[in-house]
Every structure is written in C-alpha cells, then in structure tokens.
Amino acid sequence: RLMRSVRHWGTTHYMELNDRKYYAKNPHIKPAGRYLAQIKCFWVLLQYIDKVDCHNAPGTFTRIAMEIGERSYGIVYVPDGAERLCNSHIRRSGDIRYFVIVDEPEQIQRISAEKVHTYATVSDRGQVEYYPANQS
C-alpha cells in the first residue's frame, strides 16, 4: 500500500525486468550498469542490516558505506578488468574494511585481500555467495 501511494505521488515508478519487480525514481532507469552494481551491493547490505548501526550510499568507489560497532566497512562492486583500480582504492582507504563483490570468483586472486573482510558474488536473483578473504 505504501509503494502504491509513493507511485501515485510520482516519486517512484514500477517496472519489471527478467521476472523481477523494481521501483525506480525515473521510469527510464533500468537495472543495468551502475544501477545494477548498486543493486548487487544492496543485496549484501540486506544480509547484514540487523547488525548495521548506520549506512549510506556515498556515490564513490564505495557504493555503500556502513558502520557495524566501532568499525567502518565499504561495500564495493568490482567488474571484471577493474581489479587493479580496486587495489589502488583499497590501498589508499585508511582503516576501512571491504565487502568486495565480483562477477566471477576467478577475479578474487587478482584483488589484494589486505583490507578485505570478505568477497562475494551476487546472482541475478539476489542470491549472495561469500568467499573468504584469505583466498587471494
């Protein structure tokens, strides 16, 4: 009922793609590219939402920033071929720990695990599979 009201006000639009239902601010936005990356990061956030003290979407390399207890975490999506860029960002990031989402587990060996809390893949249906950070 809430979503019907929000749609009625014109602040969000309903769409279907690949048998999934989405709500978006703009009717022309499709869950692809940077929006798909944000959706994948959101699925990981949902796995930890009961432990998270606060979170936001900073719009930087870190798609979702969150705090659990006294520790800061970033959820990042690394497409195939962007592993070196990921390593560079992680190296310069201070004491943040990362949840690194990759398309394929083979990418893990190309990413430095120094500040990685865990790696993950996210299916088109939102299923999250985790891989230990010591795998790289």
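Me: Rings of Phe, Tyr and Trp (its six-membered ring) pair if their centres lie within 6.5 Å, with planes under 30 degrees apart counted as stacked, over 60 as edge-to-face and the rest as tilted. How many aromatic pairs does the structure hold, and which residues do ring pairs link into a cluster?

Reply: The structure, which is a predicted model, holds four aromatic pairs, and ring pairs join Tyr-48, Tyr-73, Phe-99 and Tyr-130 into a cluster. Residues are numbered from 1 along each chain as its sequence is written, and side-chain values use heavy atoms, with hydrogens and water left out. In this predicted model, local features need pLDDT of at least 70 and side-chain atom pairs count only at pLDDT 80 or more, whereas totals for chains, interfaces and linings use all residues.

Me: What makes up the secondary structure of the protein chain?

Reply: Helices (H or I, at least four residues) and strands (E, at least two) are DSSP runs, numbered from the N terminus, and on that basis the protein chain comes to three helices and eight strands. From the N terminus on, the elements run α-β-β-α-β-β-β-α-β-β-β.

Me: How do you know that the buried residues of helix 3 line one face of the helix?

Reply: The buried residues of helix 3, which spans residues 83-91, are Glu-83, Cys-86, Asn-87 and Ile-90. Seen down the axis of helix 3, these residues fall within an arc of 100 degrees (taken from the directions from the helix axis to the C-beta atoms), so they line one face. Arg-84 and Leu-85, on the other side of helix 3, are exposed. The buried residues of helix 3 pack against strand 5 (71-78), strand 6 (97-102) and strand 7 (116-122).

Me: Why are strand 3 and strand 8 said to stand at the edges of the sheet?

Reply: Two strands pair if DSSP finds at least two bridges between them, and the open sheet of six strands has the order 3-4-5-6-7-8, with mixed pairing. Strand 3 (54-56) and strand 8 (128-132) each have a single partner strand, so one side of each is left without a neighbour in the sheet.

Me: What makes strand 4 and strand 5 a pair, and which sense do strand 6 and strand 7 run in, parallel or antiparallel?

Reply: Strand 4 and strand 5 are joined by five bridges in the antiparallel sense, a count that meets the requirement, and therefore they are paired. In strand 5, Tyr-73 is the bridge partner of Met-66. Strand 6 and strand 7 run parallel and are joined by four bridges, with Val-100 standing opposite Tyr-119 in strand 7.

Me: Why is Thr-118 called buried, and which residues does it touch?

Reply: Thr-118, whose place is in strand 7, has a relative accessible area of 11%, which lies under the limit for buried, so the term applies. Leaving aside residues up to four places away in sequence, Thr-118 touches Tyr-98, Phe-99, Val-100, Tyr-130, Tyr-131 and Ala-133, where contact means heavy atoms within 4.5 Å.

Terms used. Buried < 20%, exposed > 50% of the residue type's maximum accessible area, 1.4 Å probe, protein only.
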